Amino acid sequence: MIVDYHVHTPFCGHAHGKMVEYVETAINAGIDEIGFADHLGRYYLGRLQRKHYWDWGMPERDLGRYFDAALELKKLFSDRIVIRIGLEVDYIEGAEHLVENIVAQYPFDFLLGSIHCIPALGWRHISQYTETDPAKAYALYFSAARAALESGIFQSLAHLDFIWRYIPWPEGRRPELARLVSDAVSLAVKSNSAVEINANGYIYSQALYPKDANPFDVLLDSIALHKADITLGSDAHAPQLVAKFFPEILSLLKTKGISHLCLFDRKKKTSVPF
């Protein structure tokens, strides 16, 4: 089984192409299951805040159209590929009740929890806080990741690697990063959540870090150590990016002793070999 459980759509406002084109690309790539997981809008911002800060997700009023469009494709391509309907949701500690009220309206197959901003630093995207003290930023980020896992809302924690794409971890302090990652992955196991292997995380780490100090390896080593469940996602924002770098990623996973992926159907998890 090869699955791509992190695919976006134009509903989020910054992805391109038609939803059907993502499905067709997945079929041509030999993917067995594709999971739409587009961004939910920043439900936690007030009305005035939404005028000042970038909202990288779809408005709540579009959720019904998004779900129905994915459901129609699910039926249309049922004899060629399995389509799952998910959502990527920014986690903000203290706003769990808002998330639960929104997602309860639709029978999603899975929810990805992600952290794109850290309220203690501000309401902007993490990429805009590159000058922040790494120790402070990482402490806040991984605290949020652990709270997201403890919330019980999400089936998988998306791109745990997101922080080091924009705020580099200082050289020579690899053990500290390994402890932060290990604690999060260990908690994922205890909370019965999966950890996502994200293609963008693989690409960023290959481009930004030396081979002998690649934080993506730290993540994979921790997943292997704790025998954590994983989901695999391209994080595609254009049809041609579905399943990008999957052969390289799957090969790397095998070298780490990771051999299974998680599938979700109405949030019921199964594990299958890839």
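Helices in these legends are DSSP runs of H or I with at least four residues, numbered from the N terminus. The model shown is predicted.

**View 1. Asn200 in helix α8.** Asn200 belongs to helix α8, which covers residues 199-208. Its relative accessibility is 16%, and because buried means under 20%, Asn200 counts as buried. When neighbours within four places in sequence are left aside, Asn200 is in contact with Arg165, Ser234, Asp235 and Lys244.

**View 2. Helix α7 and its surroundings.** Helix α7 runs over residues 174-190 and has 17 residues. From its first C-alpha to its last it reaches 24 Å, close to the 24 Å expected at 1.5 Å a residue. The buried residues of α7 are Leu177, Leu180, Val181, Ser182, Ala184, Val185, Ser186, Leu187 and Ala188. An α-helix has 3.6 residues a turn, so residues three or four places apart point the same way. Among the buried positions of α7 are Leu177, Leu180 and Ala184. The packing partners of the buried α7 residues are helices α5 (134-151), α6 (162-166) and α9 (215-226), together with strand β6 (194-198). After α7 comes Asn192, with a positive phi near 60°.

**View 3. The seven-stranded sheet and helix α9.** An open sheet is formed by 7 strands with parallel pairing, in the order β1-β2-β3-β4-β5-β6-β7. Strands β1 (3-7) and β7 (230-233) stand at the edges; each has a single partner strand, so one side of each is left without a neighbour in the sheet. Helix α9 packs on this sheet and touches β6 and β7. The direction of α9 makes about 145° with that of β6.

View 4. Strand β1 runs parallel to strand β2 (residues 33-39), and 3 bridges join the two. Opposite Val7 stands Phe36 in β2.

**View 5. Salt bridge between Asp265 and Arg84.** The salt bridges in the model come to 7. In one of them Asp265 pairs with Arg84, with the closest N and O atoms 3.5 Å apart. This pair links distant parts of the chain, since Asp265 is in strand β8 (residues 260-265) and Arg84 in strand β3 (residues 82-90), 181 residues apart. Asp265 is partly exposed, at a relative accessible area of 39%, whereas Arg84 counts as buried at 12% relative accessibility.

**View 6. Salt bridge between Lys256 and Asp221.** The side chains of Lys256 and Asp221 form a salt bridge of 2.9 Å, N to O. Lys256 sits in the loop between α10 (246-255) and β8, and Asp221 in helix α9, so the pair ties together parts 35 residues apart in sequence. Lys256 is partly exposed, with a relative accessible area of 23%. Asp221 is partly exposed as well, with a value of 35%.

View 7. Asp229 and Lys269 form a salt bridge in which the closest N and O atoms are 2.6 Å apart. Asp229 lies in the loop between α9 and β7 and Lys269 in strand β9 (residues 268-273), so this pair ties together parts that are 40 residues apart in sequence. Asp229 counts as partly exposed at 27% relative accessibility, and Lys269 is partly exposed with a relative accessible area of 25%. Elsewhere, salt bridges that share partners join Glu33, Arg84 and Asp265 into one network.

Conventions: Residues are numbered from 1 along each chain as its sequence is written. This is a predicted model: local features need pLDDT of at least 70, side-chain atom pairs count only at pLDDT 80 or more; totals for chains, interfaces and linings use all residues. Side-chain values use heavy atoms; hydrogens and water are left out. The expected span of a helix is 1.5 Å times one less than its number of residues. Buried means under 20% relative accessible area, exposed over 50%, partly exposed in between (1.4 Å probe, protein chains only). Contact means heavy atoms within 4.5 Å. Two strands pair if DSSP finds at least two bridges between them. Axes are lines fitted to C-alpha atoms, for helices over the stretch in contact, and angles run from 0 to 180 degrees between N-to-C directions. A salt bridge is a side-chain nitrogen of Lys or Arg within 4 Å of a carboxyl oxygen of Asp or Glu.
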